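Colleague: I have a model open and would like to understand the words used to describe it. Could you walk me through a few of them?

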Amino acid sequence: MAEFIPRFNVLKLGWRALRFRKTPLTAPAAQTRRFSSSCGLNSFGLLFDIDGVLVRGRTPIPAAKQCFRKLVDGNGKYKVPVVFVTNAGNCVRQTKAEQLSHLLEVEVSPDQVMLSHSPLRVFSQFHEMCVLVSGQGPVLEVAHNLGFQNAITIDMLREAYPLLDVVDHNRRPKDVVPPSKELPQIEAVVLFGEPIRWETNLQLIVDVLLTNGRPGNTVTSIKYPHIPVLACNMDLLWMAEAKNPRFGHGMFLVCLESIYKKITGYDLQYEALIGKPSVVTYNYAELLIRQQAESLGWTEPVQRLYAIGDNPMADIYGANLYNRYLQSMHHARAQVQAQGGSASQVAGDIQYETVDDAKNSGKVMVGGSYEHRLPEGCSSILVCTGVYNRDQQDLPPDQTVTEQRIFHGHRDFRFDPNLTRPSFVVHDVLEAVELVFQQEGWPLE
């Protein structure tokens, strides 16, 4: 596996609003070579976002059940490889698969589910470190499931150092202050998702960063760069049952970044940003698609991916960014092979700066090598049942909107308006799947 590039560059670019149209937009050009599935048709795979596409909160979107009834045959077997790619991360894959099976009324395997933190399985260099984990739900179980062997939760940190969390007066120690319990030095911070008590998590995470992993110590000087921070799920907003979007983990990250900079004068740095729209997330999803294709008995590579989502700055940006990465990989391979080299040389020769992911996370290959045959492209399909609402978000095509007003992507991703432009805009997930099957010449009924 290629070494993960350790740091992001902070880029600030403007935003020009785009008017999404009802008609399909021009999709990225595909190569002419086509592969076949076991039934002789063109091969493709589907990547589904969950919140705002299939469900809103705990309520299924009506078109989702209709869609999945058409995606399985009479025996409940999927017609094409299907993977669910969500930025949620407050549970393990088994739990999410059970929820989806119940809501969609089709069998969903944990192997089809990709949570925002799933790619952390390949970050083995952190698995033996003592890490502080933040989020909600079974965070210790999640951490252990991902390979982290020595995890400490925020609650464990509060118990060890009872004087650190004092915003809520009712949670302050009463009368006699219990002695602190010495914990191992924390070597990294892993942020799975938005916590319940933001003030507690913000205070204790900043304490850990300022003290170089020893929150019981006095801060005498600022050590910078700080210990590694790995964050999953950059969604600023997400769609539940409410009429308007709710705060996501990306909003928590904005708070953490602002507090750290206000106190230290330095930018908070991330060792990794994981989840949509990062390329490493789509690399991992492509691995799962390959595995699903094999389980269906397909013998040829999946030629094209279709990513269906409701969030222009997560789902659409990420799918288009991954498509750009794929085109860079194919171009680099063609150049190397034209010079008489092998595909394995591409890892050293490709110019990653052509991929507009400031983290260049495409360099983390998961479950394969640079020699396996990548999809030719990834098309993005935007639905109007979640964060994106065509009626509310259409703007005059010549109107320029400032970054401060509109840009909902993470601070460390350079903004490119072209990456928020979907290949297609449809009303709901059923229309999206019907469109894909029509594009590929597959019967859906």
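This is a predicted model: local features need pLDDT of at least 70, side-chain atom pairs count only at pLDDT 80 or more; totals for chains, interfaces and linings use all residues.

Colleague: Why are helix 7 and helix 8 called roughly perpendicular?

Modeller: The axes of helix 7 (residues 279-295) and helix 8 (residues 312-338) cross at roughly 75 degrees. Angles of 65 to 115 degrees count as roughly perpendicular, so helix 7 and helix 8 get that label. Their axes come within 9 Å.

Colleague: Which residues make the contact?

Modeller: Helix 7 brings Val-279, Tyr-282, Asn-283 and Glu-286. Among those from helix 8 are Ala-314, Asp-315, Gly-318 and Tyr-325. By class, the contact has 7 nonpolar, 2 polar and 2 charged residues.

Colleague: What makes strand 6 and strand 17 edge strands?

Modeller: The open sheet has 6 strands in the order 6-5-2-14-15-17, with parallel pairing. Strand 6 (113-114) and strand 17 (424-425) each have a single partner strand, so one side of each lacks a neighbour in the sheet.

Colleague: How do you know that strand 2 and strand 5 pair?

Modeller: Pairing takes at least two bridges, and 3 bridges join strand 2 (residues 44-48) to strand 5 (residues 82-85). The two run parallel, and Leu-46 stands opposite Val-82 in strand 5.

Colleague: How do you know that the span of helix 6 agrees with its number of residues?

Modeller: At 1.5 Å a residue, the 16 residues of helix 6 (residues 249-264) should span 22 Å, and the end C-alpha atoms are 22 Å apart, so the values agree. Just after helix 6, Gly-265 takes a positive phi of about 85 degrees.

Definitions and conventions:
Residues are numbered from 1 along each chain as its sequence is written. Side-chain values use heavy atoms; hydrogens and water are left out. Axes are lines fitted to C-alpha atoms, for helices over the stretch in contact, and angles run from 0 to 180 degrees between N-to-C directions. Helices (H or I, at least four residues) and strands (E, at least two) are DSSP runs, numbered from the N terminus. Angles under 35 degrees count as roughly parallel, over 145 as roughly antiparallel, 65 to 115 as roughly perpendicular and the rest as oblique. Contact means heavy atoms within 4.5 Å. Ala, Val, Leu, Ile, Met, Phe, Trp, Tyr, Cys and Pro count as nonpolar, Asp, Glu, Lys and Arg as charged, and the others, Gly among them, as polar. The expected span of a helix is 1.5 Å times one less than its number of residues.
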